[in-house]
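Please look over the sequence and the model first.

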Amino acid sequence: MKRKILIVEDTPAIALVQKHIALKVGYEVDVAETLAQTKILISQNNYFCAVVDFILPDAPNGEAVPCTINAEIPTIVMTGSIDKKTRDTVEKFPIIDYIIKENKQAYQYLEKQLKRLPRNESVKVLVVDDSISTRHYIVSLLLRHKYQVSEAEDGKQALEMLAKSPDISVIITDNEMPNMNGDELCSEIRRLYNNDEKAIIGISGADSSELSTLFLKNGANDYLHKPFNNEEFYCRLSQNVDMLQQIATIKRQANTDYLTDLPNRRYFFEQANTSLKALSLKKANGSLAMIDIDHFKSINDTYGHDAGDQVLKGLAICFKKYFEKYLVARLGGEEFAVYFADENTPEALKRLEGFRYFVENNSQEFSKEKIKLTISIGFSGGPVYQMDTLLKQADQKLYEAKEAGRNQVTS
């Protein structure tokens with residue numbers, strides 16, 4: 001279900017631009033030109049967020065802002081100018097942000113904010129502060145931007161929460177706390193997690209010019225002095241979350257096959273070898289299946305490479321669903337691999353045979369040309385603790401499956 005946004009703007013040209021941006025980001029859009037229309041639409045719909053013009057024909061003093069805020073709709077205010085009176089009025093309310101329309105970057109910035117809000121719903125932030133009032137204030141700022149938020153009252157509790165919830169990606173920590181100071185917490189977090197895994201923002205009310213340096217040297221990504229400006233808080237937080245997201249994207253691109261979106265050969269070998277080392281300590285066995293599309297060259301020759309790519313993409317979707325709990329990769333061309341960690345051989349073979357049967361009977365759905373195809377599978381199990389060796393064994397079994405007539409599992 002698409003998220004719904006309310007745009008409140010009385011200038012048709014500006015409303016059209018805002019609507020275009022929201023549609024581009026992926027929202028469903030309603031537009032109101034007056035405060036009266038705004039109230040009617042709010043009574044009839046649930047909105048994920050709103051973009052509200054500060055001055056309307058029937059709301060010349062920003063009355064539309066409390067209208068959306070009181071309806072608990074996260075609100076971005078857009079205004080033609082931002083004098084002190086307007087700023088003071090806007091900042092009385094817990095808005096997401098305000099944007100000046102005349103600014104050349106205004107609509108690019110609006111698009112960025114509309115993209116961030118849905119993203120923030122999956123970003124977990126831990127707030128660490130022994131002051132309940134400060135902690136609750138920071139939490140309120142984060143909830144306004146739809147972050148998932150956890151709280152800890154000191155460094156020791158923070159580390160316990162990180163152990164329980166390793167998907168926390170941002171830690172905002174005060175410095176002066178009992179049991180463990182913020183800079184000490186930074187140092188311990190960096191011992192456990194790299195900069196590309198978690199971002200740390202240090203905060204403090206202490207008048208020390210050296211404190212920011214102390215935080216940064218102990219692994220923090222950023223620092224804010226209390227009391228801080230809300231806009232600066234959001235900007236620094238967004239920049240750090242953006243950084244983590246960009247690093248994750250680079251990692252994903254480096255580890256993913258461009259065509260099928262499956263893990264690539266390099267990532268597969270890294271993960272499988274790590275697993276095999278762990279299994280060797282337990283004297284347990286891993287196993288590997290090599291899977292090849294039968295007569296794939298003839299598919300490309302007959303239907304063209306675009307059709308061949310469709311087949312590979314369709315098969316990849318099936319791999320993801322059928323082997324969701326296992327490590328799957330495209331090794332190259334029409335060759336795929338599935339690694340089973342500590343899975344007993346009969347169960348692995350049963351799953352592989354089921355997959356072979358599914359492909360034989362449903363492969364026509366992979367491409368527009370309704371191309372029917374089959375796959376051959378070679379399977380090998382341990383005790384073998386080097387992926388190169390396991391791969392050679394599975395590859396030999398795959399060769400035997402091909403020689404025996406294809407469309408079968410050989411072990």
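The model is predicted, with local features needing pLDDT of at least 70 and side-chain atom pairs counting only at pLDDT 80 or more, while totals for chains, interfaces and linings use all residues. Residues are numbered from 1 along each chain as its sequence is written, and side-chain values use heavy atoms, with hydrogens and water left out.

**The sheet**

Helices (H or I, at least four residues) and strands (E, at least two) are DSSP runs, numbered from the N terminus. An open sheet is formed by five strands in the order β2-β1-β3-β4-β5, with parallel pairing. The edges are held by β2 (28-32) and β5; each has a single partner strand, so one side of each is left without a neighbour in the sheet. On average, neighbouring strands of this sheet are turned by 20° against each other, direction ignored. Two strands pair if DSSP finds at least two bridges between them. Between β3 (residues 49-53) and β4 (residues 75-79) there are four bridges, in the parallel sense; in one of these strands, β4, Thr75 is the bridge partner of Ala50. Helix α1 (residues 12-25) lies across β1 (4-8), β2, β3 and β4, and runs at about 165° to β2. For such angles, axes are lines fitted to C-alpha atoms, for helices over the stretch in contact, and the values run from 0 to 180 degrees between N-to-C directions.

**The pockets**

On a 1 Å grid over the protein atoms alone, a pocket is an open set of points where a 1.4 Å probe fits, with protein on both sides within 12 Å along at least five of seven lines; lining residues have an atom within 4 Å of a point. A volume is the space filled by probe spheres set on the points, which are joined across faces, edges and corners.

| Pocket | Volume | Share of the lining from α10 |
|---|---|---|
| Largest pocket | about 460 Å³ | six residues |
| Second largest pocket | about 290 Å³ | five residues |

The largest pocket is lined by 23 residues, and Ile96, Asp97, Tyr98, Tyr109 and Glu231 are the closest to its centre. At least two residues of this lining come from each of β5 (97-100), α5 and α10. By class, the lining of the largest pocket holds eleven nonpolar, seven polar and five charged residues. Here Ala, Val, Leu, Ile, Met, Phe, Trp, Tyr, Cys and Pro count as nonpolar, Asp, Glu, Lys and Arg as charged, and the others, Gly among them, as polar. The second largest pocket has 13 lining residues, with Ser169, Glu197, Leu244, Gln245 and Ala248 nearest its centre. Its lining comprises four nonpolar, three polar and six charged residues.

Buried means under 20% relative accessible area, with a 1.4 Å probe and protein chains only. Contact means heavy atoms within 4.5 Å. The contacts given below leave aside neighbours within four places in sequence.

Gln113 lies in helix α5 (residues 106-120) and is buried, at a relative accessible area of 4%. Its contacts are Ile76, Ile96, Asp97 and His145. Asn120 is also found in helix α5; this residue is buried, at 2% relative accessible area, and is in contact with His145, Lys146, Tyr147 and Gln148.

Phe228 is placed in the loop between β10 (222-225) and α10 (230-255). With a relative accessible area of 12%, Phe228 is buried. Its contacts are Tyr137, Ile138, Leu141, Ile203 and Phe233. Of these, Ile203 is 25 residues from Phe228 in sequence and 9.0 Å away in space, C-alpha to C-alpha.

Conventions
Buried means under 20% relative accessible area, exposed over 50%, partly exposed in between (1.4 Å probe, protein chains only).
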